Amino acid sequence: MIEDQIVSKTIDFVKEKLAGAEGGHDWFHIQRVYNNAKLISKEEKVDLFVVSIGALLHDIADSKFHDGDESVGPKVALEFLQGLHVQKEVIDHVIAIIENISFKGGNIIQKFRSPELDVIQDADRLDAIGAVGIARCFNYGGFKNRAIYDPDIKPNLNMSKEEYKSSTAPTINHFYEKLLLLKDRMNTQTGKKLALQRHAYMEGFLEQFYMEWEGEL
Ligand code: NI
C-alpha cells in the first residue's frame with residue numbers, strides 16, 4: 001500500500017476509534033496535532049510519513065482513559081499497522097514515539113528521542129497551551145469533576161509519575177504543574193516560537209482570572 005493510502009486509512013481508523021472521546025482528546029485534538037506537526041516539519045529534516053502516522057496515532061489509547069495502562073496505545077497501534085503491512089522499521093519507530101511522547105510530570109527522563117518524535121511532541125505540547133490549551137484543560141478538569149480553583153491547595157511541582165497521574169487538584173494547579181512549563185521544553189525552533197505567544201496568552205488569562213476571583217475587576 002502506498003504511503004498516502006496508509007495515512008488516509010489511519011485517519012479513518014483514528015476517527016472511528018476516538019468517536020465519543022473526551023473533548024480535549026478527541027479527533028479534533030489529533031487533527032490539530034497532525035496539522036501542527038506537518039507545519040513544524042517544514043523546518044526540520046524528518047520522515048514525513050513517520051511524523052504523519054505518529055501524530056495520528058499518538059493518543060490512540062491514552063493511558064489516562066485506560067486506568068493508567070500505558071501498554072494499550074502501543075498495542076492498538078502495532079496491530080493496526082501490522083494489519084496494513086507497514087514496514088517493520090516504521091512500525092517500531094511509531095511505537096517508540098507513542099511510548100515516549102507524553103509528559104509524565106516531575107523529572108521523569110524520556111528514554112527515546114528522534115527528530116520525528118521531537119516534532120510530534122512539540123505539536124502535542126502546543127495543543128496543551130494557549131487558548132486551545134486552556135479550553136482543553138478545563139474540559140478535562142470538568143470531565144474528572146475537579147474544582148476550577150482552590151486557593152488553599154497549592155500546586156505541587158515535585159510529583160512522582162504516580163502522584164501526577166492520580167492528582168485530584170484543582171484545574172488551575174495544572175497550569176503550574178504542566179502547562180506553564182512547556183514553553184521551555186519545546187524541541188524545535190518553530191515549536192519554541194509558537195509556544196512563546198501561546199504562553200503569554202495563558203499568563204494574561206491567569207492574571208485576569210485572579211483579579212476577577214479577588215473582585216478587583
Ligand atoms: Ni495528545
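1. Helix axes are lines fitted to C-alpha atoms over the stretch in contact, and the angles between them run from 0 to 180 degrees between N-to-C directions. In this predicted model, helix H1 (residues 3-17) packs against H3 at an angle of about 10°, with the two axes 10 Å apart. Angles under 35 degrees count as roughly parallel, and H1 and H3 are therefore roughly parallel to each other.

2. The contact of H1 with H3 joins Glu-3, Ile-6, Val-7, Thr-10, Ile-11, Phe-13 and Val-14 of H1 to Phe-49, Ser-52, Ile-53, Leu-56 and Leu-57 of H3. By class, these residues comprise nine nonpolar, two polar and one charged.

3. The next point concerns H3 and helix H2. The axes of H2 (residues 27-41) and H3 (residues 48-57) come within 8 Å and cross at roughly 160°. Since angles over 145 degrees count as roughly antiparallel, H2 is roughly antiparallel to H3. The crossing of this pair, H2 and H3, is right-handed.

4. On the H2 side, the contact is made by Trp-27, Ile-30, Val-33, Tyr-34, Ala-37 and Ser-41, and on the H3 side by Leu-48, Val-51, Ser-52, Ala-55 and Leu-56. The residues of this contact divide into nine nonpolar and two polar, with no charged residue. Ser-52 and Leu-56 of H3 take part here, and both are also listed in the contact of H3 with H1.

5. H3 has a further partner in helix H6 (residues 115-126): the axes of H3 and H6 come within 9 Å and cross at roughly 45°. The two helices are therefore oblique to each other, and the crossing of H3 and H6 is right-handed.

6. In the contact of H3 with H6, Val-50, Val-51, Gly-54 and Ala-55 of H3 meet Glu-116, Val-119 and Ile-120 of H6. The class count for this contact is five nonpolar, one polar and one charged. Val-51 and Ala-55 of H3, which meet H6, also belong to the contact with H2.

7. The remaining points concern the metal site. The nickel ion is coordinated by His-29 (NE2), His-58 (NE2), Asp-59 (OD) and Asp-124 (OD), at 2.1 to 2.2 Å. In sequence, the spacing of these donor residues is H-x28-H-D-x64-D.

8. As to geometry, the four donor atoms subtend angles of 85 to 170° around the nickel ion, which makes the arrangement irregular. For a tetrahedral assignment, all angles would have to lie between 85 and 135 degrees.

Key
Residues are numbered from 1 along each chain as its sequence is written. This is a predicted model: local features need pLDDT of at least 70, side-chain atom pairs count only at pLDDT 80 or more; totals for chains, interfaces and linings use all residues. Side-chain values use heavy atoms; hydrogens and water are left out. Helices (H or I, at least four residues) and strands (E, at least two) are DSSP runs, numbered from the N terminus. Angles under 35 degrees count as roughly parallel, over 145 as roughly antiparallel, 65 to 115 as roughly perpendicular and the rest as oblique. A crossing is left-handed if the near helix is turned anticlockwise from the far one by less than a right angle, and right-handed if clockwise. Contact means heavy atoms within 4.5 Å. Ala, Val, Leu, Ile, Met, Phe, Trp, Tyr, Cys and Pro count as nonpolar, Asp, Glu, Lys and Arg as charged, and the others, Gly among them, as polar. Donors are N, O and S atoms within 2.8 Å of the metal (3.2 Å for Na, K and Ca); water is not among the atoms, so sites may look incomplete. Four donors count as tetrahedral if all angles lie between 85 and 135 degrees; four count as square planar and six as octahedral if opposite donors are over 155 degrees apart and all others between 65 and 115; anything else is irregular.
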